[in-house]
Amino acid sequence: MAGRIVLSLGSHRTPDAEAVAHLTAAEQTELFDRLAVLHRHKIDLADEVLVINVGGYLGQSTRAEIAYAQQQDKRVRYLQEQ
């Protein structure tokens, strides 16, 4: 209703380790590398980034994405105050 386009999470129902447990270590690495590229592309398209930091948690990949967004001069907001 606010006239915004949202590039959201694909899925956030299970922890990463559980979601990729069926893959080999090499497949997991390749998948996470592809996801990192995808997330950077989404940041490139965005005017701002809203970090979903439930309970204040920021994982390693999220911290890297925040740093990338800041390098691209994107506004970064947080669901919960830091």
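A definition to start: a residue is buried under 20% relative accessible area, exposed over 50%, and partly exposed in between, with a 1.4 Å probe and protein chains only. At 72% relative accessibility, Asp73 therefore counts as exposed. Asp73 sits in the loop between helix 3 and strand 2 (75–78), and its phi is near 60°, a positive value in a residue other than glycine.

On provenance: this is a predicted model, where local features need pLDDT of at least 70, side-chain atom pairs count only at pLDDT 80 or more, and totals for chains, interfaces and linings use all residues. Residues are numbered from 1 along each chain as its sequence is written, and side-chain values use heavy atoms, leaving out hydrogens and water.

Now the overall layout. The protein has three helices and two strands, in the order α-α-β-α-β along the sequence; these are DSSP runs numbered from the N terminus, helices being H or I with at least four residues and strands E with at least two. The C-alpha trace spans about 40 × 25 × 25 Å along its principal axes. Of the 82 residues in the protein, 16% are buried.

Contacts, meaning heavy atoms within 4.5 Å, come next. Among those with a separation of 6 or more, 67% join residues 24 or more positions apart.

Last, surface. The protein exposes about 6800 Å², and carbon and sulfur atoms supply 53% of that; accessible areas come from the Shrake-Rupley method with a 1.4 Å probe, and for residues only the protein chains shown count as cover.
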